[in-house]
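Me: I've got a model open and want to talk through one of its helices. Can we take it piece by piece?

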Amino acid sequence: ATAQSRAQAALAIVRRYQSGWLATAERNLAVVREAWTLGDATLFDVLDEERRYLMTQTEYTTALRDAIE
């Protein structure tokens, strides 16, 4: 694949993150934190969701980098 096609594919992924994936990750984390505050989730649940949130952020950052290289 050419550099241009790789950049276009990365840009498509960036758009998906921006159109909902990032917001969904933030909402999921907020929900789990609230559940923990209410006693309906464990600290492990919170840490696991924080891990998923950070993975989403890392993958988004990687896609951004790939789109501009």
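Reply: What covers the buried residues of α2 includes α1 (3–37); helices here are DSSP runs (H or I, at least four residues), numbered from the N terminus. This is a predicted model, where local features need pLDDT of at least 70, side-chain atom pairs count only at pLDDT 80 or more, and totals for chains, interfaces and linings use all residues. Residues are numbered from 1 along each chain as its sequence is written, and side-chain values use heavy atoms, with hydrogens and water left out.

Me: What does α2 reach from its first C-alpha to its last?
Reply: Helix α2 covers residues 43–68, which is 26 residues. The expected span is 1.5 Å times one less than the number of residues. That gives an expected 38 Å, and the model comes close to it, at 38 Å.

Me: Is Glu-49 buried or exposed?
Reply: Glu-49 sits in helix α2. Buried means under 20% relative accessible area, exposed over 50%, and partly exposed in between (1.4 Å probe, protein chains only). Glu-49 has a relative accessible area of 9%, so it counts as buried.

Me: Which side chain makes a polar contact with the side chain of Glu-49?
Reply: A polar contact is a pair of N or O atoms within 3.5 Å; within protein, one must be able to donate a hydrogen and the other to accept it, and residues adjacent in sequence count only if both atoms are side-chain atoms. At 2.8 Å, the partner of Glu-49 is Arg-52.

Me: And Leu-43, what does it count as at 46% relative accessibility?
Reply: Leu-43 also lies in helix α2. Because its relative accessibility is 46%, Leu-43 counts as partly exposed.

Key
Helices (H or I, at least four residues) and strands (E, at least two) are DSSP runs, numbered from the N terminus. Contact means heavy atoms within 4.5 Å.
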